[in-house]
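Notebook open; today I am looking up what surrounds the ligands. Notes follow as I go.

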Amino acid sequence: MSKKILVTGGTGYIGSHTTVELQNSGYEVIIVDDLSNSGIEVLDSIEKITGTRPAFEQFDISERVKTDDFFRRNNDIAAIIHFAAYKAVGESVEKPLDYYRNNLVSLMNLLECQIKYNVPNMVFSSSCTVYGQPEKLPVTEQTPRKDAESPYGNTKRISEDILRDTITVNPMLKGIALRYFNPIGAHPTALIGELPLGVPQNLVPFITQTAAGLREGLKVFGNDYNTPDGSAVRDYINVADLAKAHVIAIERLLKNKNKSNYEVFNLGTGTGLSVLEVVNGFEKATGVKLNYKIVERRAGDIEKIWADTTYANEELGWKAEKNLVETLLSAWNWEKRARGI
Ligand code: NAD
Ligand code: WQD
């Protein structure tokens, strides 16, 4: 059986870590990425870590003709892990059509090619954003989804529905949607990590850039939430742990261990941490003092969310292993290496 996996968005943050784990587990990877949010040098880093350079093609998978041509030429793909998408929540509010077009058309192109070229398996990157602010915590996979706060969030909810509905009427297709909570950290080698373009929107890159002197200070958005210390609570999951879950999901599909043709899993640690706990954790892990101040809440933020990971623990046999200190340290080592500090 072919062990060739198409990783869309494979030079990106989560895709690069997953490519490393796939290659380390004996899979052959072909990456497709348009490099709209990543750099070609990531391939060198993956090669340094694993000893193998993944195959690579640069094109935009929202372009139907190019995507079709790719599958016509690559007729031995066993499964797809579909990471490629735009992901900046704030930008999606400004440019909704760019987000709907890129995220939805790309998925539809892939599904059409899967049917046409007989590629049965897809693992899809979804997000805890589909839950909005849940009534009850922690959230299980059965927690009702809510209207999204942003076009980006909407694309994840609609993508899940497109995947589910397409699988329902095409019994040759199987899919697993993985709902990530907040991925953070970098590979322990510090050779790959998250390198946001421009000013980071996410907490941990902002923290590491502040510590590196690129940002003057961190703004903590709100200390009047109904949480133990008043700052907002999230479930921060180490990116290398997250990557390993994708290898398990691929194996589940390839070995027909799935319970139904469309499955959903939460991927988090199961523990909620406040913004201030992350800030303190960073200072403790690195010994670097952070310049931060409390400011108003950020528009569109929810108060608190964390995952119930029982289903992933029991069904996938997967559990987050790395603790906050080592994860924040990995993010800091990556930032230092990227900045030559
Ligand atoms: P990323 O931006 O680092 O990686 C995405 C990659 O896809 C980039 O390399 C980009 O160049 C590429 N890409 C985008 N559109 C493309 C297209 N049309 N054709 C080809 N390549 C394209 O993002 P990431 O953090 O690695 O996220 C990966 C996936 O996980 C995304 O679908 C994202 O929505 C989802 N997700 C991310 C988070 C997070 O916090 N990072 C949380 C939940 C879900
Ligand atoms: C975390 C906490 C902020 C920056 C986003 C997407 C979500 C998912 C993950 C893709 C919040 C606070 C942040 C800062 C701060 N992505 N914060 N100062 O908003 O939970 O989730 O990424 O699917 O869809 O919405 O992540 O890292 O932006 O924020 O105080 O400078 O840190 O208010 O409480 P978020 P985040």
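How many nonpolar, polar and charged residues does the shell around ligand 1 have? I get 12 nonpolar, 12 polar and five charged, taking Ala, Val, Leu, Ile, Met, Phe, Trp, Tyr, Cys and Pro as nonpolar, Asp, Glu, Lys and Arg as charged, and the others, Gly among them, as polar.

Ground rules: this is a predicted model, where local features need pLDDT of at least 70, side-chain atom pairs count only at pLDDT 80 or more, and totals for chains, interfaces and linings use all residues. Residues are numbered from 1 along each chain as written, chains are lettered from A and ligands numbered from 1 in the order written, and side-chain values use heavy atoms, without hydrogens and water.

Ligand 1. I find 29 residues around it (a heavy atom within 4 Å), and Asp 33, Asn 37, Ser 38, Asn 102 and Tyr 152 come nearest. For polar contacts (N or O pairs within 3.5 Å), I noted a side-chain atom of Asp 33 at 2.6 Å from a ligand 1 oxygen. The side chain of Asp 60 has an N or O atom 2.8 Å from a nitrogen of ligand 1.

Ligand 2. Here I looked up 19 surrounding residues, with Ser 127, Tyr 152, Lys 219, Arg 234 and Asp 301 closest. A polar side-chain atom of Arg 234 sits 2.5 Å from a ligand 2 oxygen. Alone, ligand 2 exposes 680 Å², and the protein buries 88% of that. I count 10 nonpolar, five polar and four charged residues in the shell around ligand 2.

Key:
Polar contact = N/O pair within 3.5 Å; in protein donor to acceptor, adjacent residues only side chain to side chain. Areas by Shrake-Rupley, 256 points an atom, 1.4 Å probe, with all protein chains shown as cover.
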